[in-house]
Amino acid sequence: VQLQACGGGLVQAGGSLRLSCVASGRTFSSYNMGWFRRAPGKEREFVALIERSGTSTTYADSVKGRFTISRDNAKNTVYLQMNSLKPEDTAVYFCAAGRIWTISQHLFPYWGQGTLVTVSS
């Protein structure tokens, strides 16, 4: 499966952005989908995860209550709604697809190219 992420940009602290990730192929609904991010000078980290049907989600503590992951299997798309953005949310955001329910990025075989989110103070 090929993934294409978009929706990044420059936003002021307290603002919102919605990231999208479109998948190719007809098997999108068989994958759990995750969002990860890599901040400048840091390792890539888990952000959010959604189960195949969209009924289960999990979030990193740092974004819980501010970010919402969702998916539309009819459109082969997963979203990340980001509200109350903080400067520390500045990062390149990646979407990923995998068949295992896990937040371990090493178990996701498919990755998008990343989209940059910059939050100014």
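**Ground rules**

I am working with a predicted model, where local features need pLDDT of at least 70 and side-chain atom pairs count only at pLDDT 80 or more, while totals for chains, interfaces and linings use all residues. Residues are numbered from 1 along each chain as its sequence is written, and side-chain values use heavy atoms, with hydrogens and water left out.

**The cysteines**

I found that C21 and C95 are the partners, with sulfur atoms 2.1 Å apart. Their link is right-handed, with 60 degrees about the S-S bond. It joins distant parts of the chain: C21 lies in strand β3 (residues 17-23) and C95 in strand β9 (residues 91-98), 74 residues apart.

Are C21 and C95 buried or exposed? I read 0% relative accessibility for C21, so C21 counts as buried. C95 is also buried, because its relative accessible area is 0%. Here buried means under 20% relative accessible area, exposed means over 50%, and partly exposed is in between (1.4 Å probe, protein chains only).

I then checked C6, which is in no disulfide; its nearest cysteine sulfur, that of C21, is 8.3 Å away. C6 has 40% relative accessibility, so C6 counts as partly exposed.

**The whole protein**

I counted strands next and got 11, with 0 helices. Both are DSSP runs numbered from the N terminus: helices are H or I with at least four residues, strands are E with at least two.

Why does the radius of gyration fit a compact globule? With 121 residues, such a globule would have a value near 14 Å, and the protein has 13 Å, so the two agree. The radius is taken over C-alpha atoms, and the globule rule is 2.2 Å times the number of residues to the power 0.38. I also noted that the C-alpha trace spans about 40 × 25 × 25 Å along its principal axes.

Buried residues make up 46% of the 121 residues. Of the contacts with a separation of 6 or more, 57% come from residues 24 or more positions apart; a contact means heavy atoms within 4.5 Å.

Notes:
A disulfide is a pair of cysteine sulfur atoms within 2.5 Å.
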